[in-house]
Amino acid sequence: MNLAFLNAHDSSETHSDAVWGISWTKNDTVVSISADGSIKQWASSTGEPFSPSVSTTDYQVPPPHTLGLVSLSVSPDGRRALYNSLEGLSFLWNLETGVTEGTFESYVKEEGTGNTESSWSVSLNPFGSTYASAGGHGNLTIRSAESETFGQKIATVHSGRNKFGMCCSYSPDGKRIALSSEIGHVFILDVESKTFVNTFTSHAMSVRSVAWSPDSNLLLSASEDRRLILYDVRVSSGNSGGAVATFSGHSSWVLCADISPDGRFGLSGSADKSIKVWDIAARAAVSTVQDTGEVWSVSWRPRAPAVGSVGAFVSGGEDGVVKWWTSAGAVV
């Protein structure tokens, strides 16, 4: 099977530097973060900057941060965006009202302990009350996502490896958190017990991105070793390493990944300037889109595709442009 994806349109404005994170929301807007320090929200139908349907004097886009923004997590209801800067400054932004509901300086030493671990990657609990963060020490920290106590530490779980935490992500059911590291390991945390229950070691190099299947049973990882690996998190890592499929075809680092809302297709962006769509059941690439530079971020449209269509996705890369892509039968 071969699928064709066409560039429906681009954002009417560009970021002045690379787009490092992107998310297509349930409300059919797209949120992007950039190395230029800015976060933007776009109307998917036009590519224009988003304007709220109800006029409010409070709505505003946060001003650009001094340093680049490296991590983005949007709530499943499309109402809030959690994002993080290079030095570990975390923000919670209400996408509907424009109000910044929380700011936390993770690089400041905690009172009474003298310890600090700056956040690099952040992920919202799908049920909204907490978020996870990972960074330089390779630990996973769970913090409050409530506006009154935003950033307050609830727990820190040690991975046992003092290696940089590249990416963390809550599963859609909120029961697990995946943590990837600079040495290619992927750890699975059981949220209730706050213990790591699996360690996958199939990658040979840093894992840049992880993506969950909608049913929270499968995890797709993207690595600098040019491969994507699919894991069944219900299976013990054991001798098999937990891997159920390997996807090869990129000629350089794989920088980002996502899984379609129906769980049928994987999506990846690479430093080789291409985007690939993968048929998960067939274990094969079914579409390749060439871009103008490194592709740092990809995101499927969260709504189920129309009958006869694979759906649509959005991408962001080195050129600072947000791009919408559609398959046959799909309309943005």
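Okay, let's start with a definition: two strands pair if DSSP finds at least two bridges between them. Strands here are DSSP runs of E with at least two residues, and helices are runs of H or I with at least four residues, both numbered from the N terminus.

A quick word on where this comes from. What you see above is a predicted model, where local features need pLDDT of at least 70 and side-chain atom pairs count only at pLDDT 80 or more, while totals for chains, interfaces and linings use all residues. Residues are numbered from 1 along each chain as its sequence is written, and side-chain values use heavy atoms, with hydrogens and water left out.

So, sheets. Strands of a sheet pair through backbone hydrogen bonds, either parallel or antiparallel. Zooming in, strand 23 (residues 274-279) is joined to the antiparallel strand 24 by 6 bridges, and Ile 275 sits opposite Val 289 of strand 24.

Next up, the core. A nonpolar core is a set of buried Ala, Val, Leu, Ile, Met, Phe, Trp, Tyr and Cys residues joined through side-chain atoms within 4.5 Å. Buried means under 20% relative accessible area, exposed means over 50%, and partly exposed is in between (1.4 Å probe, protein chains only). The largest core has 15 residues, and those with the most contacts inside it include Phe 5, Ile 275, Trp 300 and Phe 313. Strand 22 (265-270), strand 23, strand 24 and strand 25 each supply at least two residues of this core. Which strand gives the largest share? That's strand 25, with 3 residues.

Rings of Phe, Tyr and Trp (its six-membered ring) pair if their centres lie within 6.5 Å; planes under 30 degrees apart are stacked, over 60 edge-to-face, and the rest tilted. That rule gives 12 aromatic pairs. Tyr 83 and Phe 91 have ring centres 4.9 Å apart and planes at 15 degrees, so they are stacked. Both Tyr 83 and Phe 91 are buried. For Trp 300 and Phe 313, the centres are 5.7 Å apart and the planes at 80 degrees, so this pair is edge-to-face. Trp 300 belongs to strand 25 (residues 295-300) and Phe 313 to strand 26 (residues 312-317), so the pair ties together parts 13 residues apart in sequence. Trp 300 is buried at 4% relative accessible area, and Phe 313 is buried at 0%. Ring pairs also link Phe 5, Trp 300, Phe 313 and Trp 325 into a cluster.

Last topic: salt bridges. One counts when a side-chain nitrogen of Lys or Arg is within 4 Å of a carboxyl oxygen of Asp or Glu. How many salt bridges does the structure hold? There are 10. In one of them, Arg 208 meets Glu 224, with the closest N and O atoms 2.8 Å apart. Arg 208 is partly exposed at 25%, whereas Glu 224 is buried at 11%. Asp 232 and Arg 234 form another, at 3.0 Å from N to O. There, Asp 232 is buried at 12%, and Arg 234 is exposed at 53%.
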